[in-house]
Amino acid sequence: MHDYQPNMRALEPRSLEAYRISVENYFNCLVIEQHVHRQEISFDHFERQFLKTWLARMKRTKEYQPTTIGLRLGAVKAFLRHASAEHLTLVAFYQASKNLKDPDQPRQPI
């Protein structure tokens, strides 16, 4: 996150901050909902069941808008995509996350 995103992808500082906040949001959910100590968080905690719990928490407890939930999920998927490109043992985590869908957006009348 500190090297690849700013240097290789040349993301803007605000984009990096949004990315960091999204991943941090997921970590906070693991700590609060799953009672995982921050030092113990590993890629095993990116299994589909954990991600689904996180999505439900954002919708239910935090009452995030579908757009925000989609942005947060997209950031975690991007993180897993990069991790799986670096380490082939992590491809299964990325593949599982790809199947998670963003929440439906309410349609605006034309």
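This is a predicted model: local features need pLDDT of at least 70, side-chain atom pairs count only at pLDDT 80 or more; totals for chains, interfaces and linings use all residues.

**Entry 1: helix 2**

With that cut-off I looked up the buried residues of helix 2, and they are L16, Y19, S22, V23, N25, Y26, C29 and L30. I then checked the length of the helix. Its end C-alpha atoms are 30 Å apart, which agrees with the 30 Å that 21 residues should span at 1.5 Å a residue.

I noted a general point that helps in reading such a list: an α-helix has 3.6 residues a turn, so residues three or four places apart point the same way.

**Entry 2: S22**

I looked for a polar partner and found R72, whose side chain makes a polar contact of 3.4 Å with the side chain of S22. Setting aside residues up to four places away in sequence, I see S22 touching W54, L71, R72, A75 and V76.

**Entry 3: helix 4**

Next I turned to helix 4, which covers residues 66-86. Its 21 residues reach 30 Å from first C-alpha to last, close to the 30 Å expected. I wrote down its buried residues: P66, I69, G70, R72, L73, A75, V76, K77, A78, L80, A83 and S84. Which helices do the buried residues of helix 4 pack against? I found three entries for that: helix 2 (13-33), helix 3 (48-60) and helix 5 (91-98).

**Entry 4: V76**

Beyond its neighbours within four places in sequence, V76 is in contact with S22, Y26, F46, L51 and W54. I also looked up a distance along and across the fold: V76 and E24 are 52 residues apart along the chain, yet their C-alpha atoms are separated by 9.7 Å.

**Entry 5: two helix pairs**

For helix 3 and helix 4, I read an angle of about 160° with the axes 10 Å apart. Angles over 145 degrees count as roughly antiparallel, so helix 3 is roughly antiparallel to helix 4. I noted their crossing as right-handed. On the helix 3 side the meeting residues are L51, W54, L55, M58 and K59, and on the helix 4 side they are I69, R72, L73, V76 and L80.

For helix 4 and helix 5, the axes come within 8 Å and cross at roughly 150°. That makes helix 4 roughly antiparallel to helix 5. This crossing is left-handed. Here I listed K77, L80, R81 and S84 from helix 4, which meet V91, F93, Y94, S97 and K98 from helix 5.

I looked at R57, a residue of helix 3. Is R57 buried or exposed? I found it buried, with a relative accessible area of 7%. Leaving aside neighbours within four places in sequence, R57 is in contact with C29, I32, E33 and K62.

A56 is also found in helix 3. At 34% relative accessibility, A56 counts as partly exposed. I looked up one distance from A56: E40 is 16 residues away in sequence and 23 Å away in space, C-alpha to C-alpha.

**Entry 6: positive phi in the loops**

Last, I went through the loops for backbone angles. H35 follows helix 2 and lies in the loop between helix 2 and helix 3. Its phi is positive, about 55°, although H35 is not a glycine. I found H35 exposed, with a relative accessible area of 65%.

Where does E63 lie? I placed E63 in the loop between helix 3 and helix 4. Its phi is near 55°, again a positive value in a residue other than glycine. At 62% relative accessibility, E63 counts as exposed.

Notes:
Residues are numbered from 1 along each chain as its sequence is written. Side-chain values use heavy atoms; hydrogens and water are left out. Helices (H or I, at least four residues) and strands (E, at least two) are DSSP runs, numbered from the N terminus. The expected span of a helix is 1.5 Å times one less than its number of residues. Buried means under 20% relative accessible area, exposed over 50%, partly exposed in between (1.4 Å probe, protein chains only). Contact means heavy atoms within 4.5 Å. A polar contact is a pair of N or O atoms within 3.5 Å; within protein, one must be able to donate a hydrogen and the other to accept it, and residues adjacent in sequence count only if both atoms are side-chain atoms. Axes are lines fitted to C-alpha atoms, for helices over the stretch in contact, and angles run from 0 to 180 degrees between N-to-C directions. Angles under 35 degrees count as roughly parallel, over 145 as roughly antiparallel, 65 to 115 as roughly perpendicular and the rest as oblique. A crossing is left-handed if the near helix is turned anticlockwise from the far one by less than a right angle, and right-handed if clockwise.
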